[in-house]
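Me: I have a structure open and want to go through it in pieces. Can you take my questions as they come?

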Amino acid sequence: MISPPPHHDIYSIEDLAQLIYDLKNANRDARINVKLVSEAGVGTIASGVAKAGAQVILISGYDGGTGAAPGSSIHNAGLPWELGLSEAHRCLTQNGLRDRVVLETDGKLMSGRDVAIAALLGAEEFGFATAPLVCLGCMMMRVCSKDTCPVGIATQNRKLRDRFCGRPEHVTRFMFFIAEQVRELMARMGFRSMAEMTGRTDCLRVRRELITDRAFKVDMREILGEAPMPVLPQGEESGACGLYAPKNLYDFKLEATPDMSVLMPAFAEGLAKEAAAGAAEGSVSIGRYEKSLKVSSTDRAFGTILGSEITKKFGSTLQDDTFVVHAEGGGGQSFGAFLPGGLTIRLTGDANDGFGKGLSGGKLILVPDERSRFEASENIILGNVALYGATAGKAYICGIAGERFCVRNSGAIAVAEGCGDHGLEYMTGGRAVILGRTGKNFAAGMSGGIAYVLDTDHSLYRRMNKDMVSLQELTEKYEIEELRGILTDYVKETGSKLGRKVIENFEQYIPYFKKVVPNDYQRMLTAISRNEEQGMPYETAVFEAFKEVTGS
């Protein structure tokens, strides 16, 4: 994994605000934490993040970290955490936003002295990674992404993992020493609690004995200028899990959402049913519950709160279509985000960006109004970044999807009648069926899963990104039957005219379907099949195929 991975649903502060809102809907009890890299101007970004509703802002320094980041990032990106933390604390204070958020910092904190300095510069929470890893045996070889960690920490290689000799007690003992050093420094400065010393930059000074002449030229007044945070009243120092809790929490107004005001009361009977202990995935039947309502584009993350309650109560054990929502109108941002198994939302109308983000087993169906005069297969009905990061479930779109369709899909089955640029980007699993033209850069970075594209004019090869994938004809019987099954279910759910035409003339359309498959993924499938034919259990066949393909 490349660290940090790009977020293709975030290109502005508004996109970040939407993601914060999505996550709060997905877990109303969670603190939403946004990590920012320490750099010039991070204070302005931190202010925007605070206004967007984040409860914790992490300022991460350039140092520390593992070896998963590209070399250019390790050596050329970011600043020391002290600079970013100071700027963020000062900027938040000047804009009256400091009491909305908790400030955290990390980036190679190695001692209690580092913690004390971070607190005086404005931090309330502190992250440790490098030092605990060293306590567990890390030798800082910087090969975390190569599966060759010599001490068995960052690897899937069984022989290397057998070398791991770390114990939890090693980390516990280290953290106790950190805490003891912090207590000694607090006592020397006269503080009784961390809350008292937060933001007290007046207790810091520049070293008198500097190593080089150049160090005398550094102007530290902006960092050490006094901008203390108001002392937290007693009782507010610890919130959930003993962590700091902001005094002035952002109000997301979740009580006014359709989920809370309509769907939760409508499905109260079903949600009150007892969860089956030890039930298998998709095996529990508690009846069928349905609700119809109108929605508008202002109803963001529709269905996410209901989905979170289903997940809390039943996990992934409910049968499909246990809870069914019939919505009509314009779906807002992140419509149906993170839906779990057992929840189906059918939307008659159109939808904005983020449709089905993080789909986790549920079913999403988008169809145009029956009274509409346009041809669904020739018109865009869905916004950008649909099914971003989906892991399971089904999404059927009776129309054309926007850009970045199914980006980072890792397990969902998706059908659309066309898509914009960058479709299936970074897809790692699942199945995608496109019954129409795709935009440019199709399948860029696709490393898993399979796509079936109806390419009637044989132009897909010119529009796809061929770095990691190949274009193949449908010849295997199991592939043809898989495609037929997906399309049959799609037509059943959407009533698509194009889909019905393809099914009724399926044999004639097969030559026009192209199979898009990642090269390494195809090698893995072939190796797994060969190992299973030799009598290996599936798990062993997968592991041996992985070693064969990667050469590890």
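Me: How many bridges join strand β3 to β4, and do they run parallel or antiparallel?

Reply: 2 bridges join β3 (residues 102–106) to β4, and the two strands run parallel. Strands here are DSSP runs of E, at least two residues, and helices are runs of H or I, at least four residues, numbered from the N terminus. Two strands count as paired if DSSP finds at least two bridges between them. This is a predicted model, where local features need pLDDT of at least 70, side-chain atom pairs count only at pLDDT 80 or more, and totals for chains, interfaces and linings use all residues. Residues are numbered from 1 along each chain as its sequence is written, and side-chain values use heavy atoms, with hydrogens and water left out.

Me: Which residue is the bridge partner of Glu104 in β4?

Reply: Glu125 is the partner of Glu104.

Me: What is the strand order in that open sheet of 4 strands?

Reply: The order is β1-β2-β3-β4, with parallel pairing. The edge strands are β1 (33–37) and β4 (125–126), each pairing on one side only. Helix α2 (residues 42–52) packs on this sheet and touches β1 and β2 (56–60). The direction of α2 makes about 165 degrees with that of β1. Contact means heavy atoms within 4.5 Å. For the angle, axes are lines fitted to C-alpha atoms, for helices over the stretch in contact, and angles run from 0 to 180 degrees between N-to-C directions.

Me: Ser47 is in α2. Buried or exposed?

Reply: Ser47 is buried, with a relative accessible area of 7%. Buried means under 20%, exposed over 50% and partly exposed in between, using a 1.4 Å probe and protein chains only. Leaving aside neighbours within four places in sequence, Ser47 is in contact with Cys91, Leu92, Asn95 and Leu97.

Me: Now the sheet of 10 strands. What is its order?

Reply: That open sheet runs β5-β6-β7-β8-β9-β10-β11-β12-β14-β13, and the pairing is mixed. β5 (289–295) and β13 stand at the edges with a single partner strand each, so one side of each has no neighbour in the sheet. Neighbouring strands are turned by 15 degrees against each other on average, direction ignored.

Me: What holds strands of a sheet together in general?

Reply: Strands of a sheet pair through backbone hydrogen bonds, either parallel or antiparallel.

Me: How many bridges join β12 to β14?

Reply: 4 bridges join β12 (residues 448–454) to β14, and the two run antiparallel. Ala451 has Val516 as its bridge partner in β14, and Val453 stands opposite Lys514.

Me: Why is β14 described as largely enclosed?

Reply: Because 6 of the 6 residues of β14 (residues 513–518) are buried, the strand is largely enclosed by the rest of the structure. Both faces are covered: Phe513, Lys515 and Val517 are buried on one side, and Lys514, Val516 and Pro518 on the other.

Me: Change of topic. Where is Asp219?

Reply: Asp219 lies in the loop between α9 (194–197) and α10. Asp219 is partly exposed, with a relative accessible area of 47%. Its C-alpha atom is separated by 9.8 Å from that of Val206, which is 13 residues apart along the chain.
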